[in-house]
Amino acid sequence: MKDRRRVRPPGAIVRAGSASDSAKVATLEPDEEVLVVELDCCYAKKGEDVRQVARGRISYPIDGWVSMKCLRDGDAGGDYVYRGGRVQKRPGSQRRRPGESVHVVVETDESDDGGG
């Protein structure tokens, strides 16, 4: 699997392993291109709750793991966000052409230090 993606604002934290508590390797800037070569799930504990977090191993521009919620499709013209029961266009998105697919991001309260 090789998948080109772009980093969402405010950026992403690259970690040494797939666990969200592994050592930080680097921080990626918004709109930076990455190459995802592997997907994994890890479990993160937040208070009493345990949740599954999708992680992606990247090989470009640096080797490491990031949270998939911090990435968007590399060729997407813009994102749509699901908030409060409605799909809303994210600011700066381009208008969708008829027949063109829509990239929808479901925002959750998952946070791991504000990045990947």
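Let's start with the sulfur of Cys-41. In this predicted model, the cysteine sulfur closest to it belongs to Cys-42, and the gap is 7.3 Å. A disulfide needs the two sulfur atoms within 2.5 Å, so 7.3 Å is too far for a bond. And what do we find if we start from Cys-42 instead? Its closest cysteine sulfur is the one in Cys-41, again 7.3 Å off and too far for a bond. By this rule, the count of disulfides comes to 0.

While we're here, have a look at how these two neighbours sit. Is Cys-42 buried or exposed? With 9% relative accessibility, Cys-42 counts as buried. Cys-41, on the other hand, has a relative accessible area of 39%, so we call it partly exposed.

Okay, next stop: the backbone. Here is a bit of background to keep in mind. Most peptide bonds are trans, and most residues other than glycine have a negative phi. Now let's look for places that go the other way.

Which peptide bonds are cis? One of them runs from Pro-9 to Pro-10, with omega near 10°. You'll find Pro-10 in the loop that links β1, residues 3–7, and β2, residues 12–15. Another cis bond runs from Tyr-60 to Pro-61, and there omega is near 5°. Pro-61 also has a loop as its place, between β5 (49–60) and β6 (64–67).

Then there's phi. Asp-31 is not a glycine, yet its phi is positive, near 70°. Where does Asp-31 sit? Look in the loop between β3 (24–28) and β4 (33–46). Asp-31 counts as partly exposed, because its relative accessibility is 42%.

A polar atom of the Arg-6 side chain lies 2.7 Å from the backbone oxygen of Asp-31. Arg-6 itself is part of strand β1, and with a relative accessible area of 22% it is partly exposed.

What else does Arg-6 touch? Leaving aside residues up to four places away in sequence, its contacts include Asp-31, Glu-32 and Glu-33, and also Cys-70, Leu-71, Arg-72, Asp-73 and Gly-74.

Technical notes
Residues are numbered from 1 along each chain as its sequence is written. This is a predicted model: local features need pLDDT of at least 70, side-chain atom pairs count only at pLDDT 80 or more; totals for chains, interfaces and linings use all residues. Side-chain values use heavy atoms; hydrogens and water are left out. Helices (H or I, at least four residues) and strands (E, at least two) are DSSP runs, numbered from the N terminus. Buried means under 20% relative accessible area, exposed over 50%, partly exposed in between (1.4 Å probe, protein chains only). Contact means heavy atoms within 4.5 Å. A polar contact is a pair of N or O atoms within 3.5 Å; within protein, one must be able to donate a hydrogen and the other to accept it, and residues adjacent in sequence count only if both atoms are side-chain atoms.
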